[in-house]
Amino acid sequence: MNDDTPKEVAWHFGIATVLSVSLCAAPFVPEAILAYAGYRFLRHFTYGWRSWRAPGRVPHHLGRRGYRDATTRRRGDATWPIGLAKTGQVWLRREDLVQGVAIEGDDLEWQALAIGNLVFGACMNGMGAIVVEGIPKPVARKKSELSDDKVPRKPAMLSRQISQIARPFGRDTEVYSIDLDAVPQPPLRVAASTLTTAIADMRLGPEAEALHAELLPLAMAIAIHRKKNPLEIYAAFLDEVALDRLIKGNYEIEGHGVAADEDASAEGAALRKAIKPIQNLPDDKREVGRKALAAHAAEIAGLKSVSMTEGFELRSAISARGIVCIRPSSPLTTTLVVARCVEALVEGKPGHAANTLIHVVYPAELSGKSARRFRAAAVQAGSIGTLSLPARPPSHIYKAVRKITAVRIQARTGSRSGASEDAKVISTIKDCSFTLDIEMPA
């Protein structure tokens, strides 16, 4: 009856009144019917006008005043502002965003604005936020800013913008930024499994994955024994000559050589056991895998911004509801960060990250599998996992993410108003589907 007009409610009231009068012979029944009809009639005018289908959801502050959501019949409980449409403010619930959000657009400033809007919602709900930025592209300087060498400047990290967003909530001092292209600074801690996942997501081929799976454990064992950086040892074995010597049962580190056939020590025995899987790989496939991995050997060896033994731990940031901004330096470091986010989500109890937003600017170089793993891990952990994508994602990424996001926010820079913050929101949420043009707050 809440959806009926006053005329329809009055008609129901009249029918109930006539029925109650006609049943005068039955004691107390007419009075009960009349009282119930009066209650429904009065309740319509008290709450009936406060039940409607909002552009998205009925916001929580209106729900506290009695306003109900026509789709759920519950008092409004939406706490996440999306933007402003012609029909009013667009709000969603945290549970809606957990179903997946994709931000699609090529304008970097618009993307930053959309990400800031998500962080604003996280701060408003007292949640933590982890933002993985895109790979920075040099920005041409203005004539007044050009130096003699005319070197393009690096764009500022989003942490500055996020700090301004968090300041009204008193959380600007909680913002922690990690620039993987700037060292020295505390590195991001990763694991051997993180690098393995990153290699798979880089689409280097099954040969590279097979060689990596056998070579990394050997490099880790030697690094622990020699107290060296495992990434440097791993990259050194990708050299053609070094790998050929290793297959024959020899390697040398800083003048110390080990021969599997001659060394009777525990190190020699471990080498004999470790090189057998590498020797069992077909020669042609092993060489194909080596060449694919060798293209990234120099970068892997020079990674000072990540560490397998110490550094910043993402799991701690999630449990502490921290606000963290991470800027990768290359596709490889992006895959490492995304893989580490997935590990941090799956390594806890179900729902342990319910108070965390994790946003990833997803590069086109990745396979798309990590996007699916990221979304699955976010759902398992109860986290809001969102993705930034190009306006027209490559086919391999589009196929991977088209079914894992329930809300898509698309840039509309060519709109009638010409404002860069105009956007189109497409919701496929089960009981809250809509398509709206909105304007995101600056």
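Residues are numbered from 1 along each chain as its sequence is written, and side-chain values use heavy atoms, with hydrogens and water left out. Because the model is predicted, local features need pLDDT of at least 70 and side-chain atom pairs count only at pLDDT 80 or more, whereas totals for chains, interfaces and linings use all residues.

Me: What percentage of the residues in the protein is buried?
Reply: Buried means under 20% relative accessible area, exposed over 50% and partly exposed in between, with a 1.4 Å probe and protein chains only. Of the 442 residues in the protein, the buried share is 46%.

Me: How many aromatic pairs are there?
Reply: Rings of Phe, Tyr and Trp (its six-membered ring) pair if their centres lie within 6.5 Å; planes under 30 degrees apart count as stacked, over 60 as edge-to-face and the rest as tilted. By this rule the count is two.

Me: Is the pair of F120 and F169 stacked or edge-to-face?
Reply: F120 lies in helix α5 and F169 in the loop between α6 and β7, so the pair ties together parts that are 49 residues apart in sequence. With the centres 5.5 Å apart and 65 degrees between the planes, the pair is edge-to-face.

Me: Is F312 buried or partly exposed?
Reply: The ring centres of Y176 and F312 are 4.9 Å apart and the planes are at 10 degrees, so this pair is stacked. Y176 counts as partly exposed at 32% relative accessibility. F312, with a relative accessible area of 17%, is buried.

How values were computed. Helices (H or I, at least four residues) and strands (E, at least two) are DSSP runs, numbered from the N terminus.
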